[in-house]
Amino acid sequence: MGITIFPKCLFKLTNLDELDLSRNSIQKLPDNIGNCSSLRFLDLHSNKLEALPKSIGNLAGLTHLNLSNNRLISAGLPSSLGCLTSLNILNLGMNQLDTLPPSMEALDSLQELGLFDNLFIHLPEFVRGLRNLTKLNMKRTPLSYVQGDGEEMQKENSEPEEHVYLVHESSLCRTCLKRCKDQEEGLMRGGGGDAYEEKMIRTYKGLLVPNSVAAVHQDVWRIRKVEHMQIK
């Protein structure tokens with residue numbers, strides 16, 4: 001919607017438990033964002049955030065937080081993030097981060113952590129101590145290129161699993177929908193340019209694979225294991 005300022009009228013919604021302000025142009029969150037104490041799901045991906053206010057740590061009931069595809073730097077992450085002890089899923093991908101606040105070692109409920117497309121050279125020490133963490137995505141970071149891009153941390157003795165994040169086409173904006181359809185048509189014709197040569201075709205009736213900035217943790221989205229079909 002092209003929103004540039006966090007709508008303060010939302011503070012009147014005292015029972016608000018899910019808030020999606022993704023794909024806007026918000027540059028700053030209000031200092032009193034922590035007053036939205038009933039929030040469980042907060043999606044702010046694809047904005048222009050450079051920092052988070054300390055009061056975000058007051059969102060003690062938050063279980064899903066998506067901050068991917070912003071302009072966050074490590075200095076802009078407050079230590080109060082460690083107070084979000086109910087978090088199950090945290091997406092910090094596609095930012096400019098090279099470290100995380102050590103206080104985040106308290107996030108014992110965290111199961112999935114996205115750090116892809118950042119500037120990490122070293123894995124934050126505390127991450128290995130997160131006992132419930134099962135998925136860690138650090139693709140396309142300096143660390144991943146050293147270790148081999150595409151590696152994900154899995155629990156010991158567990159088999160790697162491949163997932164695809166799907167979204168119904170009705171949930172995509174007009175621009176993304178057209179891009180997806182153009183790419184799909186190119187693949188089906190056997191074309192699509194160099195970027196799509198030797199790619200895997202994955203088709204789902206009524207569903208499209210969204211672009212990389214799309215949120216991946218909304219209730220309307222589904223994760224499915226798929227079989228590969230090599231283009232010939």
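This passage walks through the overall make-up of the chain and then a few of its residues.

The structure is a predicted model, in which local features need pLDDT of at least 70 and side-chain atom pairs count only at pLDDT 80 or more, while totals for chains, interfaces and linings use all residues. Residues are numbered from 1 along each chain as its sequence is written, and side-chain values use heavy atoms, with hydrogens and water left out.

Starting with the big picture, the chain has two helices and 10 strands; helices (H or I, at least four residues) and strands (E, at least two) are DSSP runs, numbered from the N terminus. Along the sequence, these elements follow the pattern β-β-β-β-β-β-α-β-β-α-β-β. Of the 232 residues in the chain, 43% are buried, where buried means under 20% relative accessible area, exposed over 50%, and partly exposed in between (1.4 Å probe, protein chains only). The accessible surface of the chain comes to about 13300 Å², worked out by the Shrake-Rupley method with a 1.4 Å probe. Carbon and sulfur atoms account for 49% of that surface. As for contacts (heavy atoms within 4.5 Å), 45% of those between residues at least 6 apart in sequence join residues at least 24 apart.

Next comes Ile-33, which is found in the loop between strand E1 (18-20) and strand E2 (41-43). With a relative accessible area of 0%, Ile-33 is buried. Leaving aside neighbours within four places in sequence, Ile-33 is in contact with Phe-6, Phe-11, Pro-53, Ser-55, Ile-56 and Leu-59. Leu-52 sits 19 residues from Ile-33 along the chain, and the C-alpha atoms of the two are separated by 9.5 Å.

A search of the whole structure finds one aromatic pair. Phe-6 and Phe-11 form this pair, which is tilted, at 5.7 Å centre to centre with 40° between the planes. For such pairs, rings of Phe, Tyr and Trp (its six-membered ring) must have centres within 6.5 Å; planes under 30 degrees apart count as stacked, over 60 as edge-to-face and the rest as tilted. Phe-6 counts as buried because its relative accessibility is 3%, whereas Phe-11, at 22%, counts as partly exposed.

Finally, His-64 lies in strand E3 (residues 64-66). His-64 has 17% relative accessibility, so this residue counts as buried. A polar contact of 2.9 Å joins its side chain to that of Thr-63. A polar contact is a pair of N or O atoms within 3.5 Å; within protein, one must be able to donate a hydrogen and the other to accept it, and residues adjacent in sequence count only if both atoms are side-chain atoms.
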